[in-house]
Amino acid sequence: QVQLVESGGGLVQPGGSLRLSCAASRSIVSINVMGWYRQAPGKERELVATVTSGGNKNYADSVKGRFTISRDIAKNTVYLQMNSLKSEDTAVYYCKAGTLYNYWGQGTQVTVSS
């Protein structure tokens, strides 16, 4: 079992940056895939970025070149650096740990608005 706690969300102007953190309750070394997803009002949850235990990264087309996913193994934490934010990035962002089961955090709100 894994507990996940996201942080770092907030209100930012278009073009700004935020860094989200996802702290896991245990080592993430053996977790097959860790990822960030988001859900905007009235829309389905969608994949933003993932990183495998081998370090392979995958991004949604809509965030390529703007967002970067990374891991700090020593801190059991996964990050999502978000640059050049747009209004359409506004959503609740969730962290997921994929093992035999999927575990989700509680989410953190990101609002991009002037």
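Figure 1. In strand S3, glutamate 6 has cysteine 22 as its bridge partner, and serine 7 has serine 21 as its partner in S3. Strands here are DSSP runs of E with at least two residues, numbered from the N terminus, and two strands are said to pair if DSSP finds at least two bridges between them. By this rule S1 and S3 pair in the antiparallel sense, over four bridges. The model is a predicted one, in which local features need pLDDT of at least 70 and side-chain atom pairs count only at pLDDT 80 or more, whereas totals for chains, interfaces and linings use all residues. Residues are numbered from 1 along each chain as its sequence is written, and side-chain values use heavy atoms, with hydrogens and water left out.

**Figure 2. The two faces of strand S1.** In a regular strand the side chains alternate between the two faces of the sheet. Buried means under 20% relative accessible area, exposed means over 50%, and partly exposed lies in between, with a 1.4 Å probe and protein chains only.

**Figure 3. The open sheet that contains S1 and S3.** Four strands form this open sheet in the order S1-S3-S8-S7, with antiparallel pairing. S1 and S7 are the edge strands, each of which pairs on one side only. On average, neighbouring strands of this sheet are turned by 15° against each other, direction ignored; the axes are lines fitted to C-alpha atoms, for helices over the stretch in contact, and angles run from 0 to 180 degrees between N-to-C directions.

**Figure 4. The disulfide between cysteine 22 and cysteine 95.** The structure holds one disulfide, a term for a pair of cysteine sulfur atoms within 2.5 Å. This disulfide joins cysteine 22 to cysteine 95, with an S to S distance of 2.0 Å, and the link is left-handed, with -80° about the S-S bond. Because cysteine 22 lies in strand S3 and cysteine 95 in strand S9, the pair ties together parts that are 73 residues apart in sequence. Cysteine 22 is buried, with a relative accessible area of 0%, and cysteine 95 also counts as buried at 0% relative accessibility.

**Figure 5. Methionine 34 in the largest nonpolar core.** A nonpolar core is a set of buried Ala, Val, Leu, Ile, Met, Phe, Trp, Tyr and Cys residues joined through side-chain atoms within 4.5 Å. The largest one has 31 residues, of which Leu4, Met34, Trp36, Leu80, Met82 and Tyr93 touch the most other members. Among the strands that each supply at least two residues of this core are S3 (18–24), S4 (33–39) and S9 (91–98). When residues up to four places away in sequence are not counted, methionine 34 touches several residues, including Leu4, Cys22, Ile69 and Cys95, where contact means heavy atoms within 4.5 Å.

**Figure 6. The surroundings of threonine 108.** Threonine 108 lies in strand S11 and counts as buried, at 10% relative accessibility. A polar atom of the threonine 108 side chain lies 3.2 Å from the backbone nitrogen of glycine 9. Leaving aside neighbours within four places in sequence, threonine 108 is in contact with Glu6, Ser7, Gly8, Gly9, Leu20, Ala91, Val92 and Tyr93.

Key:
A polar contact is a pair of N or O atoms within 3.5 Å; within protein, one must be able to donate a hydrogen and the other to accept it, and residues adjacent in sequence count only if both atoms are side-chain atoms.
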